[in-house]
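User: I'd like a walk through this model, one feature at a time. Could you show me how to read each one?

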Amino acid sequence: MPAALTPSPSPRCALPSRLHCQVLVVGAGPAGADLARQLAMAGVEVLLVDQLADLSHAAFSSAALPLATMDRFGLPARVAAARWSRWQLIGPGERRREWSGSAPLGVVLDFAALRRWLADECQAWGGQVTLGLRAVACRPEGKGLRTRLRDRRGALLEVESAWVVDATGQQRALIGEVPAARDPLVSGLGCEWLVEAPQSLWEQWADRLAFCLGSDWVGQGYGWVFPMQPGRLKIGVCRLADEGRPQRPLAAELCALLDRLFSPQERAALRVLDRHGGLIRSRIHRREPHRRGRLLALGDAVSTANLLGGEGIRHALASSRVLAPLLLRALDGAGASDPLRAYPADLRRALGWRWSLSGRLARRTWLGLRSPAADRRLEALLQGLEGCTAEDLSALLFDYRFERYGLRAVPYLLGWR
Ligand SMILES: Cc1cc2nc3c(=O)[nH]c(=O)nc-3n(C[C@H](O)[C@H](O)[C@H](O)COP(=O)(O)OP(=O)(O)OC[C@H]3O[C@@H](n4cnc5c(N)ncnc54)[C@H](O)[C@@H]3O)c2cc1C
């Protein structure tokens, strides 16, 4: 067994300064950890590293998903913190609308538990997982790549591998960012608190995804309250960055949201367990390199995060499901052609044509949501949804099936209104 695959008892174990493996996966988010577990299952010598010292830390994602994702990606019940069967849309103004499904429609994952489970699975299948290592550079050497990593004390480590996968999310730490005027990076910044709430208060928000919409709630964005385990809620705000337009600090938006949703007594009863947040940065047309030689990228690093609902976990997992079989064929080296050439097109096909349409809609909706006129347009759209079922709303927001909304939406989607 090569040095890289010697089990490491803890992230801080003394590592040799040079390691070898077939595939180095950098980033143990949903994309990288899922890819590493699939490669390990197939018997590949894979090393999965992350800059986090503990995958429970920085659990930044709200992690709301449709129920079908659990089955599709074989996720176990223990990574789900709560199920939900209702949508609640609050706003513009004080208007509240609710849609109830007859069965559970989705889950809110415990993001930390998801990452830990995927990494544990990778290890259980014989892969190595080493935490507290930050990749700083990667360059071709011989027939493979040499990657330089730094541990938390500043010590350097080099990994030689046939392939490297950049799964560092929106940071794109190794694949880098290529400026593209016709397809710029669109950024959304999110800020969320995990709170403990008294049972009676928690019950008011359990079993639903609640969103606050309208410029008087969050300018150029939206707020949310999601249920977690009994007695816990995730409350957050997210907003698209608008260069050149002053925006209030996001923390102030979150405090204003809390003051409006909860009475002073309720607010005083909330105990903040964790404050976290993060960036989502995606290109709407996804015209960016998915590969540089033997360096590949997946997940948010190739813009699979969708800006409409700030949603990216299932798309990150989808990207690993597209990449894994192609990489296995490349490792096998049997055919004359390069199987990885198909990767960008296969991924585009897997995400579907609706993916970029929803990105356009996201940019238009959220960036434009900054005036009473925009609130009136949003109100008209929401009125049009009142006749829908909760399942229709899921199809609209998760499957981007805008045609269910009817032809009235088309001019809005295309930016004519
Ligand atoms: C506030 C917020 C709320 C969200 N809510 C939802 C939601 O409700 N539902 C949903 O589906 N999605 C949501 N998302 C998006 C979703 O979390 C991401 O799309 C998803 O996590 C992307 O997965 P990934 O594996 O590509 O990247 P990430 O999850 O970002 O994982 C990247 C990993 O790489 C590591 N890393 C980065 N740089 C380095 C380096 N140089 N060396 C080593 N390791 C490195 C990081 O520590 C991280 O663990 C949300 C995002 C934010 C910011």
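User: Let's start with a helix. Which residues of helix 1 are buried?

Analyst: The model is predicted, so keep in mind that burial here is a count made on predicted coordinates: a residue is buried if 20 or more other C-beta atoms lie within 10 Å of its own. In helix 1 the buried residues are Pro30, Ala31, Gly32, Ala33, Asp34, Leu35, Ala36, Arg37, Gln38, Leu39 and Ala40. That makes 11 of its 12 residues, and the helix is mostly covered.

User: What do the buried residues of helix 1 pack against?

Analyst: They pack against strand 1, strand 2, helix 3 (111-124), strand 11 (156-166) and helix 7. As for length, helix 1 reaches 16 Å from its first C-alpha to its last, close to the 16 Å expected at 1.5 Å a residue. Just after the helix, look at Gly43, which takes a positive phi of about 85°.

User: Now a single residue in a strand. Why does Leu24 count as buried?

Analyst: Leu24 counts as buried because it has 31 C-beta neighbours inside 10 Å. You'll find Leu24 in strand 1 (residues 18-26). Set aside its neighbours within four places in sequence, and Leu24 is in contact with Leu47, Thr147, Val159, Ser161 and Val164.

User: On to the ligand. Which residues come nearest to the ligand?

Analyst: A shell is read by asking who is in it and where they come from. Of the 40 residues around the ligand, Gly29, Gly169, Gly190, Gly299 and Gly312 come nearest. Elements giving two or more residues to the shell include helix 1 (30-41), strand 12 (185-196) and helix 7 (313-332). The largest share, 4 residues, comes from strand 16. By type, the shell divides into 19 nonpolar, 15 polar and 6 charged residues.

User: Which domains give at least three residues each to that shell?

Analyst: Domain 1 and domain 2 each do. The domain assignment gives domain 1 (3-58 + 112-179 + 286-351), domain 2 (81-110 + 182-283) and domain 3 (355-413).

User: How many residues of domain 1 and domain 3 take part in their contact?

Analyst: The contact takes 6 residues from domain 1 and 8 residues from domain 3. On the domain 1 side, those residues divide into 3 nonpolar, 2 polar and 1 charged. The C-alpha centres of domain 1 and domain 3 lie 35 Å apart.

User: Last one: where is the pLDDT below 50?

Analyst: Where pLDDT is low, the predicted coordinates should not be read in detail. Over the whole chain the average is 92, and 93% of the residues score at least 70. Residues 1-12 are where the pLDDT is below 50; that stretch has 26 contacts in the model beyond near neighbours in sequence.

Key. Residues are numbered from 1 along each chain as its sequence is written. This is a predicted model: local features need pLDDT of at least 70, side-chain atom pairs count only at pLDDT 80 or more; totals for chains, interfaces and linings use all residues. Domain bounds come from an automatic or database domain assignment. Two residues are in contact if their C-beta atoms, placed from the backbone, lie within 7 Å. Ala, Val, Leu, Ile, Met, Phe, Trp, Tyr, Cys and Pro count as nonpolar, Asp, Glu, Lys and Arg as charged, and the others, Gly among them, as polar. pLDDT is the predictor's confidence in each residue, from 0 to 100. A residue is near a molecule or strand if its C-beta atom, placed from the backbone, lies within 6 Å of it. The expected span of a helix is 1.5 Å times one less than its number of residues.
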